[in-house]
Amino acid sequence: MLCPPFFFFFCLLFSGSVFTAVVRHLGCLFAAVTLSFVCLSLCFAESGLLLEAQRLSEYTARIAGHSSILTTAALLIENTLSDRHLSVGNMAWMPIVGESIFRFDASDVAWKNAAPCMSLVDPKLREDRVDASNFERKSPVFLPQFEMDGRQQVAVLLLPLNTTFYGTGEVGGSLERTGKRIYTWNTDAWGYNQSTTSLYQSHPWVFCVLATGESFGVLADTTLRCEIDLRKEATIRIAAAAPYPLITFGPYPNPEALIVAFAQATGTIQLPPKWALGYQQCRWSYETAEKVSKIAHTFRETNIPCDVVWMDIDYMDGFKCFTFDKEVFPDPNGLSNELHNIGFKGIWMLDPGIKVEEGYEAYDTGSAEDVWIQSANGKPYAGECWPGPVSFPDFTNEKTRKWWSKLVKKFVANGVDGIWNDMNEPAVFKTVSKTMPETNIHRGDEEVGGVQPHSYYHNVYGMFQAKATYEGMLLANKDKRPFVLTRAGFVGAQRFAATWTGDNLATWEHLGMSIPMALNLGLSGQPFSGPDIGGFAGDATPKLFVRWMGIGSMMPFARGHSEKGTIDQEPWSFGPEVENLCRFALNRRYRFLPHFYTLFYQAHLKGLPVMTPLFFADPSDLSLRKRDDAFLLGPILVSVSLTPKNRKENLEGVLPKGIWQRFHFGDDNPELPLLFLKGGAIVPTGPVIQHVGEAKLTDTITLLVALNTEGKAEGMLYEDDGDSFGFKHGKYLLTHYEAQQFKEDGDEVVVRVVHSEGQWTRPNRKLHVRLLLGSTTEVEGECKDGEELRIKLPSKVEINELVQSNRKINIAEREKSQNLLDVVFEEHDSIKGVGAVLLPIDLQAGNVTVKVVPWIGGRIISMIHKPSGYEWLEGRFESGCYEEYSGNEFRSAGCTEEYKVVKRDMQALDGQEFVSLEGDIGGGLILARDVLVAKNNPDIVSINSRIEARSVGAGSGGFSRLVRLRVHPLMKLVNPLDSVIKFTDINGDHHELRATMEFGEHTYEGTYRPNGEWRLDDTETGLAIINRFDLNQVALCLISWGPGSVTLELWSEERPVSKETPITITHEYEFIDTNV
């Protein structure tokens, strides 16, 4: 077929990436050329660009509307495509699984050589082409572009402008992932921050919301380390070792449809036992059975609801899994019985590492059955963990999983109700990579890849352990739903275990991160997650703890947890005021248990998240896309305050469009979240109980009802026995309620059951209805559940008067409560450390953000290069990061003292931000530090450090003790084995030191010192940091490799100082991106 020149021009214009760019920017302009579409489409077909024509057709149809001309063009193209593999260049694609799900491979060869699938619920789903003839969309709308970069396969997807990105699994930082880059590599990331690029789990999945509100998803189906780069607007770039398929989902009309389709492919959670939805209390560790018993009984004595107490590693004999320390846990069965008698369940930790010790049953049986991961030399690998040398079971092998399951079955016989799999990234101590060598050998099942190096199975190791644990609990009791919690995970791990967000910090920053982290896990297929309430590391303040309890009690997984060396963080630990607020918060959760359980049933049935972002309420509203100060529990909106000083005096806040009725349970308090119910919704609630076992089928069900603009509402309640699998055989009751306003005989609302499912008979109980009218104004009614209830409404004038009056009363009461609480919180001593209300000082200028904490060692806790989002410092508030010492000894005076700010110049007119700190290190000496960032040097942090004599006694001749200024920056290694330190010494010799698995120190003095600068390169990302210094001020340079980190230390000479002769080291850090 011959094409006119005009059409030939369009064929060139819209081919490849040029097409995509024009589509993204011109959008509706294509509607102007729709009359030429049929010819244009045929022209593409003739020139071998059929698939690009299809993209043009479908995208234009979505923007311009489904006109008959556009529809005809799209149908013509789809008919021409027929039912065959198609390619642009070498790329191949085919429809799989279901509606609008497509698999893409870089080539037919890549398709044949792709590793087996471990993401989908059934690996065959990825391999089998489905018949798309009955699908609404028979071919993809958006196409990836593949290219090779060395051994890496790079896939790029260009989407319409104003597309926003989410998902990517367990990630720190904000809800929206646009502008971020992460690496899927399961990592023991204790004390992570907003810029940490690899956490405990890996989800190579991007959840996209287009400007129209439609949703689209991308899964890189690889277990290997994967880079997901979302830094360019509306662009997804994924890179991993070749080959791997890309699976796309959608576009679908809304976010719910996308997550349901994703769950169809990757699987849904098992319906958890209902008790797992209650509050849970943990600590590393409740070190004796007596302490566990005391904690449990205190909950009951204080009438604070709780269902679970957790046992961390200290219950074990020498940290050996499947054992009990006979001195402190002499009778685990007896303890379990005691807990059960007062309505508690017990969850016990099992790490993967098994101590290398003959005579220890788990080790002996594992060795006999040859279940251990091997070193490259074929011998069992032994790494270091809590017990000392440990062997790691190869959970990728079915034989190993059966061996583990048998051990779990025997372990559960001690009255164990649930199991916690920790340290299963796997974490290995005393290694730079924080895990085992990537050259270790797994002997996996053939269907998942067979014999492969650890780099292949690393990201799925935790998921396979969770699977083996889940199967072991089923072996122990096939009629009882298991509960497993895993720290490490991968796409699909939700089928076996719940999760939590790892070792967080007791800071306001981490409180704020906990919401988007749980939301993005939900958008990545894992709906059962939550943070360590109160923060794991560091001491929470009363205000931080109660705020966190208020928010955490409304999240899917609600557990308080803290580490050794911190203050007690049980709800009663901060005084009566905090205890009372915690009781309010947890009473709320238990009132909502009927609703939570119904949401979990939907999560099990369809894959819907329990907790969703605010934009689910209106996906087309761009203003909601970044909001992480609120979230949805179905139709309930939970509005929170994430900073110590923020008050929501406008009680309606910034709500999505539509009707949102505020309500509470007589527990309204400014430290607790605001609650709203969406118009058109009915939500079931129950009475306050102390644990799930207290609930009875005859308990009154209270329905919260909010009518929509049409005077209607609907909702559902799911019920079963809460612990067995009987629901799979119809032993449940699913009730659909509706409410409707009638105006025949005056305004009244009728509430009734419209439909029921399941074999259960409706219990004989009361139904109480709270009809919400606005600003906590409501009318109530009551009847027998199953009967029709009619509620008379006040007149519109009366309702408006009540609403206005209640609004004023609510604001006044909350202000009064806030003032009283402010006094209470001020009466408590401020706890120095991570939980203090004190906030870090932020310095921001150019491309750099620096955080300084003056109250503990004046340390710099964060240095972020904003264009790359890369965090260069590793550590926490009270140790690590950037600190300075005044002697040869590690952590000598200077790193823990309280510093004061002596000068602070923020947002200055000359474009620089500056802070000057001083700390008293004793003996008349101070350690002083000036930190500067400036726009005229946008990639540099300048630091001037000094030891100065301020009040040295005359008897010493005006000179101090011997001191040495030691600059100690602990640099984070995001890619430890791809990190290299480079410098040229004074002699002119070039040095390159690469990280290995082993720790090690290197000292350089004299002419072997770096000649004024050295640099740390991450060869994986192309990022580097250069440290420049005054050679005359530095006598020694020290490199020390640690777990996921390295220090590049600068040491001054060692000598006394006087007022006239301070010790000074002036240096700077420059951030480099070699990709630019």
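A residue is called buried when its relative accessible area is under 20%, exposed when over 50% and partly exposed in between, with a 1.4 Å probe and protein chains only. The model is predicted, so local features need pLDDT of at least 70 and side-chain atom pairs count only at pLDDT 80 or more, while totals for chains, interfaces and linings use all residues. Residues are numbered from 1 along each chain as its sequence is written, and side-chain values use heavy atoms, with hydrogens and water left out.

**View 1. Helix α16, residues 542-552, is mostly covered.** Helices here are DSSP runs (H or I, at least four residues), numbered from the N terminus.

**View 2. W403 lies in helix α12, residues 398-412.** W403 counts as buried because its relative accessibility is 3%. Leaving aside residues up to four places away in sequence, W403 touches I354, A362, T365, G366, E369, V371, W372 and P393, where contact means heavy atoms within 4.5 Å. P393 is 10 residues from W403 along the chain, and their C-alpha atoms are separated by 9.4 Å.

**View 3. Helix α17 (residues 576-591) meets helix α18 (residues 593-606), their axes coming within 5 Å and crossing at roughly 55°.** The axes are lines fitted to C-alpha atoms over the stretch in contact, with angles from 0 to 180 degrees between N-to-C directions. R589, Y590 and R591 of α17 make the contact with L593, P594 and F596 of α18.

Methods: Helix = DSSP H or I, 4+ residues; strand = E, 2+ residues; numbered from the N terminus.
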